[in-house]
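Colleague: Could you walk me through this model, one question at a time? I would like to follow how each answer comes about.

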Amino acid sequence: MSVVARVIRSGLMTTVQDLGRPGTRHLGIPCGGAMDRLSHRLANRLVGNPDTAATLEMTLAGEVLQWFQDSVIAVTGADMAAEIQGPGERREACPQGRPVSVTAGSVLKFGVARRGCRTYLSIAGGWDVPVVIGSRSTLLRSELGGFNGRALHAGDELRGGPHEVELARKSAEAATGWFVRLQDLPSAAGTQLRFLPGTHFGLLNVESQRVTEQAGFVVRSESDRMGYRLSGPPLCFREPCQIRSEAVVSGTLQLPPDGQLLMLMADCAPTGGYPRIGHIISADLSLAAQLKPGDRFTLRKVSQEMALDAAVLQERQFAAAVRLAMLPACSR
Amino acid sequence: MPELCTTCSLAGCGLRVGLSKYFGKEAVFGGVLTAGDADGVRWQMHATGSFGTPTSQPEISALGDSSLLLSWTADDDRELAALVCRGMQCLRAAGIPGVTGIVPGFASLAVHFDLVRVSVSQMQRVISEQLGGTSSVIPVPVRRIRIPVCFDASVSPDLGEVSQFAGRSVRQCVDLLCRTVFSVRMIGFSPGFPYLTGLPECLAIPRRSTPRVKVPAGSLAVGGGQAGIYPEESPGGWHLIGRTNVKLFDVKRDVPCLLEPGDEVQLFEIATLTPECGNHL
């Protein structure tokens, strides 16, 4: 497939992502994939792609892209004030949460994230990079997958189209006056993340257990796709807690000896050696992925039943939104 | 060139180990699965294994809402390894719908699944059934992979210190390492990095007090009672005692990882790292 777009100016850190490599974690390969899976999947569905198609994940500030082909795209996730500059210098805002037609010769411009941290850009047919170990997602630490194993640079040429899509053109033409938004982005007022207690939660001293739910935590700047370093009240165990390496997952809250929590994210190693005091529930991981350094949040302990209900509800809302988006305009 | 095999007519695998002690009373079998030419270096893979039923049920706990952690306890570390490994093979063979990954740790096994398809409580039930039933008796060969290692002083900066710690000569240490059958307990730290257990106690030196910023790819290292081989250049806190030119992880291969949890590893000595294999070192 020929070149669809070229990067004129790169964002802060933009990588190609899909749903990652869940099946090779026993080989030491992180699962990886899109941090905000909900936004990634929605971006794909809006242009008629399967969930497994690759999108671009832009972090904090996005790219400026020169477009060479007529395409149907969708933008979801953080609001980076995207703008389409037509061939005739005509500028218009690029709406989020619905399919959008971009004509050859246009420039698509993303700015700085006003709310949220990560924006997803899909194209009908998906972004095309080689599949490495079953996935197109970029694993930066191992320089593996994605666009040559790295974040995009100015001058990079992007290709599209590994997936068959029929619906996209029609839905883009019909897409006016509506958009899909599935989650509220983190706000200045604060965000709440729900967690399930981990194996070692009960080993925290009473004060630490109490304060986990009452204090606020702030995402520190030394945070990336592997995990967030948090600052909050120092937590400690009743007695020193040493464990041998075992499995961790995206969302695991680890407590290293310095008493400040780590929240593991998509690119975390499959195993870890720090005690696990909790796990962010699956339904809140996409929201967690939209936190940026400096953002504050609180934790609320929930039960397995609540975690399952939240996941099922989220999946139902996703399915309903996608169904609605795919209806012909007249019957919407 | 490695010596020829005495027991299975190809490779020098005279060290077949009867694992039946850990698995049950089934027969031990042996034979060459495959031998390969990776980057111009011969490595060999043998099957030496046995089969039976897992001897105890694990304690099952939740790891978040879409993973379960299965933990075993045993007096003997090798027995613990065998239990984890058996559990992994058993659950893999069962092909449980909704399972997205099975990841072993030192004393535990994580089962990751899609919670919209199957809930934590349902999965817990299915796993207990699988591990408890006799239907889980499936013969699984244990692969033994022989890896060439150069112990020359130029690529083993810490071998002298390790030999002092062990109170033996460097030669004695190398012989001991090559006689040892290691097992891959888990793969982690970086893609393809094997945590090898079975290290003789006299070589169980603690980690270095200051980690190295750069450890060359292929380095054989010991630390904290374990051995490992660095697949790629990375920082590392273990003692470097040799180097192999076999690539443990290569995304260009159909099967990128040479080793998997449950494999056995035996080292054999080579005099030099051949130059044609040096491009990735």
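Colleague: Is H200(A) buried or exposed?
Modeller: In this predicted model, H200(A) sits in the loop between strand 13 (191-197) and helix 3 (206-214) of chain A. Helices (H or I, at least four residues) and strands (E, at least two) are DSSP runs numbered from the N terminus. Buried means under 20% relative accessible area, exposed over 50% and partly exposed in between, with a 1.4 Å probe and protein chains only. H200(A) has a relative accessible area of 7%, so the residue is buried.

Colleague: And which residues does H200(A) touch, leaving out those up to four places away in sequence?
Modeller: A contact here means heavy atoms within 4.5 Å. With residues up to four places away in sequence set aside, the partners of H200(A) are F237(A), C241(A), I243(A), P275(A), R276(A) and I277(A).

Colleague: Before we go on, how should I read the numbering and the confidence limits?
Modeller: Residues are numbered from 1 along each chain as its sequence is written, while chains are lettered from A and ligands numbered from 1 in the order in which they are written. As this is a predicted model, local features need pLDDT of at least 70, side-chain atom pairs count only at pLDDT 80 or more, and totals for chains, interfaces and linings use all residues, with side-chain values using heavy atoms and leaving out hydrogens and water.

Colleague: What phi does I133(A) have?
Modeller: I133(A) lies in the loop between strand 11 (127-128) and strand 12 (157-160) of chain A, and at 19% relative accessibility it counts as buried. Most residues other than glycine have a negative phi. I133(A) is not a glycine, yet its phi is positive, about 45°.

Colleague: F189(B) also has a positive phi; what is its relative accessible area?
Modeller: F189(B) belongs to the loop between strand 8 and strand 9 (194-197) of chain B. Its phi is about 65°, although F189(B) is not a glycine. The residue is partly exposed, and its relative accessible area is 35%.

Colleague: Staying in chain B, which residues of helix 5 (residues 170-179) are buried?
Modeller: The cover over the buried residues of this helix includes helix 4 (159-166), strand 8 (182-187), strand 14 (239-243) and strand 15 (264-270) of chain B. The buried residues of helix 5 of chain B are C173(B), V174(B), L176(B), L177(B) and C178(B).

Colleague: Which residues of chain A lose the most area to chain B?
Modeller: The contact draws on 30 residues from chain A and 39 residues from chain B. About 2700 Å² is buried between the two chains, with 63% from carbon and sulfur atoms; buried area is the accessible area (1.4 Å probe) that two parts lose on being put together, summed over both. In chain A, 22% of what that side buries comes from the three residues that lose the most, H26(A), L27(A) and R244(A).

Colleague: What is the volume of the largest pocket?
Modeller: On a 1 Å grid over the protein atoms alone, a pocket is an open set of points with protein on both sides within 12 Å along at least five of seven lines, and lining residues have an atom within 4 Å of a point. This pocket has 45 lining residues, with S245(A), Q254(A), G272(A), G273(A) and Y274(A) nearest its centre. Grid points are joined across faces, edges and corners, and a volume is the space filled by probe spheres set on the points. For the largest pocket, that volume is about 1500 Å³.

Colleague: Which residues lie closest to the centre of the second largest pocket?
Modeller: The second largest pocket has a volume of about 1000 Å³. Of its 42 lining residues, the closest to the centre are R37(A), S282(A), L285(A), S66(B) and D114(B).

How values were computed. On a 1 Å grid over the protein atoms alone, a cavity is a set of points where a 1.4 Å probe fits but cannot get out, and a pocket is an open set with protein on both sides within 12 Å along at least five of seven lines; lining residues have an atom within 4 Å of a point.
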